[in-house]
Structures are given as structure tokens and as C-alpha cells.
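Open the model in your viewer and keep the selection panel at hand. The tour goes from one selection to the next.

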Amino acid sequence: MKNKTDISFKSERKVVTIIEAASMLAVTPLTIRRAIKSGKIKAMQIQANGRYRIPIEEVDAFIERNSIAKE
């Protein structure tokens, strides 16, 4: 039986939360929510209560489209 640490090293995270995306882009979570609503950032709604997951590729694409320097 594998322990949790073995599994975590093999699986790379491919989605981020709104808060994580906001931190990556140096904006507020509200800004990310507005970008999702307007279609500027594509996200998956995972629960009926409004929780979203954003593909990391979408964050990178948003950075490139808006010429934001990634640090």
C-alpha cells in the first residue's frame, strides 16, 4: 500500500483555486471572479455553491494575453 507522500509526488497539480490564482496574478479574488464571469478566464465550477477551479494553463494564458510579468 502506498502512503500519501508517494502519491503526492507523482501527481502534479493542474488546477488552482480563485485565491491561488489571485495570488499568482497579484490581484484580489474579486477580480478573478469578475474575469471568470466576463469570460476572460475560463474556470470549472465544481460545486453548486460557486466554487471554481482554474486550469493553471489558463492562468498562464491570461498572463501572456495581458502582458503581466510572471514572478
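Start with the buried residues of α2, which pack against β1, α3 (29–38), β3 and α4 (56–65). Contact here means heavy atoms within 4.5 Å, and buried means under 20% relative accessible area, exposed over 50%, with partly exposed in between (1.4 Å probe, protein chains only). Helices (H or I, at least four residues) and strands (E, at least two) are DSSP runs, numbered from the N terminus.

This is a predicted model, in which local features need pLDDT of at least 70 and side-chain atom pairs count only at pLDDT 80 or more, while totals for chains, interfaces and linings use all residues. Residues are numbered from 1 along each chain as its sequence is written, and side-chain values use heavy atoms, leaving out hydrogens and water.

Now select residues 18–25, helix α2: I18, A21, A22 and L25 are its buried positions. Look down the axis of α2: the buried residues fall within an arc of 100°, so they line one face of the helix. That arc is taken from the directions from the helix axis to the C-beta atoms. Turn to the other side of α2 to find I19 and S23 exposed. Step just past the helix to A26, where phi is positive, about 60°.

Next, select the strands; two of them pair if DSSP finds at least two bridges between them. β1 (residues 15–16) runs antiparallel to β3 (residues 52–55), joined by two bridges, and V16 stands opposite I54 in β3. β2 (residues 44–45) is also antiparallel to β3, again with two bridges; here Q45 faces Y52 in β3.

Finish at the hairpin of β2 and β3, which has six residues between the strands. Select G50 in its turn: phi is positive, about 100°.
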